Amino acid sequence: MTEVALKSVLAEGDAPSRPSAWSASLTFGWRSMLKLKHIPEQIFDVTAFPVLMTLMFTYLFGGALAGSTADYLQFLLPGVLVTSVVMITMYTGTGVNGDIKDGVFDRIRTLPVWRPAALVGALLGDAVRYSAASVTILLLGLVMGFRPAGVLGVLGAIALLLLFSFAFSWIWTMFGLLLRSEKSVMSVSMMVVMPGTFLSNVYVDPATMPGAVRAVVNANPITHVVSAVRGLMAGQFPGGWILSTVAFSAVITLVFGTISMRLYNRRE
């Protein structure tokens with residue numbers, strides 16, 4: 001638009017219409033994806049890290065835990081899929097914290113858009129990375145000998161995992177708004193994720209654990225997600241695990257999403 005035309009529009013009092021909540025969120029989601037151009041090492045975490053996890057645990061522990069690497073792979077891969085995607089969610093918090101430190105969020109907050117759009121958009125952009133990690137692990141698993149029961153089960157498992165990951169990311173969004181540096185966000189995230197993934201049914205059957213440990217494992221939300229994903233990929237319909245995963249996702253989003261938005265709105 002030329003300067004003359006722009007002045008004419010402004011003189012007539014016309015102004016661009018306010019973007020919808022969905023449109024604004026998608027725009028910020030695209031901005032989140034563009035960060036990969038400037039921080040390409042995040043692609044390494046999406047691809048190389050899941051590959052290393054799958055290869056290492058299958059060939060190091062498969063024979064000892066299941067008697068054969070082929071049998072253990074059928075049990076392990078859905079768990080590694082959940083673990084890898086859950087660990088990648090930590091970057092949501094570091095990204096939010098980096099934007100705050102650089103002053104980007106202060107500028108975004110002055111825009112006439114739906115207030116949560118910046119946070120929701122960041123989570124939507126990260127969901128694409130979660131999908132890429134899921135596809136990478138599944139392709140590697142197929143090469144190694146993993147055989148899911150059907151395509152619909154795999155698609156359902158990935159959709160359920162993305163739902164949980166979207167909810168789980170709100171936890172790191174809260175930490176990103178609370179803590180002062182990206183390193184602090186990463187440190188706290190690792191303190192939560194590492195025990196959370198190991199104190200679950202990702203690597204071994206909880207039935208082999210002592211009673212007290214088994215109780216903790218069974219109460220772990222990640223155990224519910226893994227059980228649901230594992231069942232779907234095996235051609236089953238684990239309704240109880242699916243329902244509990246959806247319930248955990250809703251509660252996490254309600255609690256941590258609300259806290260995150262309050263922190264975001266109160267920032268000075």
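Ile 108, Arg 109, Leu 111, Val 113, Trp 114, Arg 115, Ala 118 and Tyr 264 form the lining of the second largest cavity. Its volume is about 30 Å³. The count comes to two cavities of 30 Å³ or more. Rolling a probe the size of a water molecule over the atoms shows where empty space is left.

The mean pLDDT of the protein chain is 83. Of its residues, 89% reach 70 or more. Where pLDDT is low, the predicted coordinates should not be read in detail.

**The nonpolar cores**

The largest nonpolar core has 46 residues. Val 82, Phe 168 and Met 233 have the most contacts inside it. Several helices each supply at least two residues of this core, including helix 3 (41–66), helix 4 (69–88), helix 7 (117–144) and helix 12. Which helix gives the largest share of this core? Helix 8 does, with twelve residues.

Now look at Val 82. Leaving aside neighbours within four places in sequence, Val 82 is in contact with Leu 161, Ile 222, Val 225, Val 226 and Val 229.

Is His 224 buried or exposed? His 224 is buried, because its relative accessible area of 13% is under the 20% cut-off. Gly 257 also counts as buried, at 9% relative accessibility. The table sets the two side by side.

| Residue | Helix | Relative accessible area |
|---|---|---|
| His 224 | helix 11 | 13% |
| Gly 257 | helix 12 (residues 239–266) | 9% |

His 224 has a polar partner. A polar atom of its side chain lies 2.9 Å from the backbone oxygen of Asn 218. Not counting residues up to four places away in sequence, His 224 touches Asn 218, Ala 219, Trp 241, Ser 244, Thr 245 and Phe 248.

What does Gly 257 contact, leaving aside its neighbours within four places in sequence? Its contacts are Trp 170 and Ile 252. Gly 257 and Leu 119 are 138 residues apart in sequence. In space, they are 9.5 Å apart, C-alpha to C-alpha.

Technical notes: Residues numbered from 1 in each chain as written. Predicted model: local features only at pLDDT ≥ 70, side-chain atom pairs only at ≥ 80, totals over all residues. Heavy atoms only, no water. Helix = DSSP H or I, 4+ residues; strand = E, 2+ residues; numbered from the N terminus. Buried < 20%, exposed > 50% of the residue type's maximum accessible area, 1.4 Å probe, protein only. Contact = heavy atoms within 4.5 Å. Core = buried A, V, L, I, M, F, W, Y, C linked by side-chain atoms within 4.5 Å. pLDDT = per-residue confidence, 0-100. Polar contact = N/O pair within 3.5 Å; in protein donor to acceptor, adjacent residues only side chain to side chain. 1 Å grid on protein atoms, 1.4 Å probe; cavity = no way out; pocket = protein on both sides within 12 Å on 5 of 7 lines; lining within 4 Å. Points joined across faces, edges and corners; volume = space filled by probe spheres on them.
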